[in-house]
Amino acid sequence: PTDPMVIETVCYTRQLDDYIQKKYFSDKDFWAQYGIEPPAMHFGALDGTFRIFPGRGIKTCGSYDTRLRPWYVAGSSGPKDVLLVLD
């Protein structure tokens with residue numbers, strides 16, 4: 001990447017690497033009970049950076065923008081209506 005913001009995001013999210021890998025492999029026995037692999041763990045950033053473990057090779061590298069995905073929009077926008085009840 002050449003965008004300074006993307007480079008910074010990749011640098012600060014590298015601290016997640018050990019946790020994500022350990023969590024993925026420690027969950028293998030649980031998911032094996034159901035005959036499936038553990039789900040992938042992923043991270044999407046405000047600048048569009050996307051990190052996933054285990055990694056996947058795609059032919060259109062760099063064209064996936066997390067900011068357009070429903071899971072990112074829902075997680076980043078939060079609820080719009082808030083009701084506060086005081087007793």
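Helices (H or I, at least four residues) and strands (E, at least two) are, in this talk, DSSP runs numbered from the N terminus. The structure before you is a predicted model, in which local features need pLDDT of at least 70 and side-chain atom pairs count only at pLDDT 80 or more, while totals for chains, interfaces and linings use all residues. Residues are numbered from 1 along each chain as its sequence is written, and side-chain values use heavy atoms, with hydrogens and water left out.

I begin with the chain as a whole. The protein chain has four helices and two strands, in the order α-α-α-β-β-α from the N terminus. Its radius of gyration is 17 Å, whereas a compact globule of 87 residues would come near 12 Å; the radius is taken over C-alpha atoms, and the globule rule is 2.2 Å times the number of residues to the power 0.38. The C-alpha trace spans about 50 × 45 × 25 Å along its principal axes. Of the 87 residues, 16% count as buried, that is, under 20% relative accessible area, with exposed meaning over 50% and partly exposed in between (1.4 Å probe, protein chains only).

Next, the aromatic residues. Rings of Phe, Tyr and Trp (its six-membered ring) pair if their centres lie within 6.5 Å; planes under 30 degrees apart count as stacked, over 60 as edge-to-face and the rest as tilted. The structure holds nine such pairs. How are the rings of F25 and F53 placed? Their centres are 6.0 Å apart and their planes stand at 75 degrees, so this pair is edge-to-face. The two residues are 28 apart in the chain, F25 in helix α2 (residues 17-26) and F53 in strand β2. F25 is partly exposed, with a relative accessible area of 48%, whereas F53 is buried at 19%. Elsewhere, ring pairs join F50, Y64, W71 and Y72 into a cluster.

Is T66 buried or exposed? T66 is buried, with a relative accessible area of 0%. Leaving aside residues up to four places away in sequence, T66 touches G44, A45, G48, T49, F50, W71 and Y72, where contact means heavy atoms within 4.5 Å. Three of the names in that list, F50, W71 and Y72, also belong to the ring cluster.
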